[in-house]
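Q: I would like to learn how to read the features of a structure one at a time. Please take me through an example.

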Amino acid sequence: MLHLETIKDFAMVNAETFVITGGCGYFGYRLACSLHRKGVKVILFDKVLPKEDVPEDMMFVQGDIRDYTDVVKAVTGANCVFHIASYGMSGKEQLNQRMIEEVNIQGTQNILKACIEHRVPRLVYTSTFNVVFGGQVIENGDESLPYLPLHLHPDHYSRTKSLAEMAVLKANGTVLKDGSELFRCCALRPAGIYGPGEQRHLPRIVSYIEKGIFSFVYGEPSSLVEFVHVDNLVLAHELAAKALTAERKYSASGQPYFISDGRPVNNFEFFRPLVEGLGYPFPKLRLPISLIYFFALLTEMTHYLIGRIYNFQPLLTRTEVYKTGVTHYFSMAKAKAELDYEPKEHNLDDVVQWFRHRGHGRKCHSSFLSRLLMEILFVAAALAVAMSFLPLVGSCALNVLKNIL
């Protein structure tokens, strides 16, 4: 019944215009399609061209969120902005501090200024769990938790997203330029996003699985984290936009909300169906998280030294180690009470099928050859290391013999 009411709500305001920054990304486009099906006008604002065929009555505005002029062109005449665009969430992007600041901080400032100057009354900001999390254990946390002190963030993305969220919530209640009404904002803090077609995290994980890199897990088996299916996140954004209206008494105005599937799970156990669904054995080796964190630190240092010459993809960053190996999960009570958010239950079956339909999955013959080659290379490397010590061993033995004689 909730979903039918949500559809009716949007049908009632189908004369309104919704702008989605980062609208050509995985989640942004999924949200756009859901809104479009409800009969509202949608504008995709992004620097890159759409990867999918955009319906004729869905507008695409190409522009850079760092350019205020581009932002103004996109939001003028809008009734609500979903500010999703960001940079530096994972992988080597996390190490490009300049770009992270320009997109996450300057870009958000441009959005806020344009909305206020051009009388856009509502904004839903897509934030992150990381504004309160920096590697410490959090169990069933809620929105009363303070922001993590900026100097404690292990990565620049989380630090800038925290600053951006603060700016958004501070802007709530600002009088729009014509003085007719107030600017209403809220922030959604999603867990890690998954779903068929997700292009940021899942392909990287699958590549690790297929290359044999995903051969160990780390951290305590009891550690718990959360994820959110893309369709649940779409639902949360639609409900948040509605909760910023007079019909809902602006119940979400100035508020942050944690959003997930509401089912804490061990990070590696969550991906077990994906690993085994593609025909690979689930790793049995478990390593201490401190060792993996140290490895990630060395990787980041190496990238800092040679990144301008060779901008390689780090296997893991320190933030990714914390996010996957340290317990942190949050209560959905506030989102359920104030947004009527009720997440549906999902699993990885559709994700497995999505990858299988695109040719992924273990192929017995090639897998055997790959494994055999890896074993040969490992033995060869071990022999090379052992042989490198022979001159030293021989020299030490001669010295001992000389001393004896």
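Q: Which residue in E3 does Phe45 stand opposite?
A: Keep in mind that this is a predicted model. Phe45 stands opposite Val61 in E3. The strand pair to look at is E2, residues 41–46, with E3, and they run parallel over four bridges.

Q: In what order do the strands form the open sheet?
A: Two strands count as paired if at least two bridges are found between them. Here seven strands give an open sheet with parallel pairing, in the order E3-E2-E1-E4-E5-E7-E11. At the edges are strand E3 (59–62) and strand E11 (255–259), each of which pairs on one side only. From one strand to the next, the twist averages 20°.

Q: Which strands does helix H3 touch where it packs on the sheet?
A: Helix H3 (residues 68–75) touches strand E1 (17–21), E2, E3 and strand E4 (80–83). The direction of H3 makes about 170° with that of E2.

Q: How many helices and strands does the protein chain have?
A: The secondary structure comes to 14 helices and 13 strands. Of the 405 residues in the protein chain, 47% are buried. Among contacts with a separation of 6 or more, 77% are between residues 24 or more positions apart. The chain exposes about 20100 Å², and carbon and sulfur atoms supply 60% of that area.

Q: Which residues of H10 are buried?
A: A residue is called buried when its relative accessible area is under 20%. In H10 the buried residues are Thr319, Glu320, Val321, Thr324 and Gly325.

Q: What do the buried residues of H10 pack against?
A: Their partners are helix H6 (202–211), strand E9 (216–218), helix H8 (267–277) and H9.

Q: Which residues form a nonpolar patch on the surface?
A: The patch consists of Tyr304, Leu305, Ile306, Ile309 and Tyr310, which together have about 690 Å² of accessible area. Tyr310 is found in the loop between helix H9 (289–306) and helix H10 (318–325).

Q: Why does Tyr310 count as exposed?
A: The exposed class begins over 50%. Tyr310 counts as exposed because its relative accessibility is 54%.

Q: How many salt bridges does a search of the whole structure find?
A: The criterion is a side-chain nitrogen of Lys or Arg within 4 Å of a carboxyl oxygen of Asp or Glu. The search finds 16 salt bridges. One of the pairs is Arg66 with Asp64, whose side chains meet at 2.8 Å, N to O. Arg66 is partly exposed at 22% relative accessible area, whereas Asp64 is buried at 16%.

Q: Which residues are linked in a network of salt bridges?
A: The network links Lys47, Asp64, Arg66, Arg98 and Glu102.

Q: How should I read the salt bridge that Lys177 forms with Glu117?
A: Start with the distance, then locate both ends in the chain. The closest N and O atoms of Lys177 and Glu117 are 3.4 Å apart. Lys177 lies in the loop between helix H5 (156–171) and strand E7 (184–190), and Glu117 in helix H4 (residues 97–117), so this pair ties together parts 60 residues apart in sequence. Lys177 is exposed, with 57% relative accessible area, and Glu117 is partly exposed at 32%.

Q: Where are Arg248 and Asp340, the pair that links distant parts of the chain?
A: The side chains of Arg248 and Asp340 meet in a salt bridge of 3.8 Å, N to O. Arg248 is in the loop between helix H7 (230–242) and E11, and Asp340 is in the loop between helix H11 (333–339) and helix H12 (349–356), 92 residues apart. Arg248 is partly exposed, with a relative accessible area of 23%. Asp340 also counts as partly exposed, at 32% relative accessibility.

Q: What is the phi of Asp340?
A: Most residues other than glycine have a negative phi. Asp340 is not a glycine, yet its phi is positive, at about 65°.

Q: What is the phi of Tyr250, and where is its place?
A: Tyr250 is another residue other than glycine with a positive phi, near 50°. Tyr250 sits in the loop between H7 and E11 and is partly exposed, with a relative accessible area of 31%.

Terms used
Residues numbered from 1 in each chain as written. Predicted model: local features only at pLDDT ≥ 70, side-chain atom pairs only at ≥ 80, totals over all residues. Heavy atoms only, no water. Patch = residues over 30% accessible without salt bridge, like charges linked within 9 Å, V, L, I, M, F, W, Y side chains within 5 Å. Areas by Shrake-Rupley, 256 points an atom, 1.4 Å probe, with all protein chains shown as cover. Helix = DSSP H or I, 4+ residues; strand = E, 2+ residues; numbered from the N terminus. Buried < 20%, exposed > 50% of the residue type's maximum accessible area, 1.4 Å probe, protein only. Axes fitted to C-alpha atoms, helices over the stretch in contact; angles between N-to-C directions. Contact = heavy atoms within 4.5 Å.
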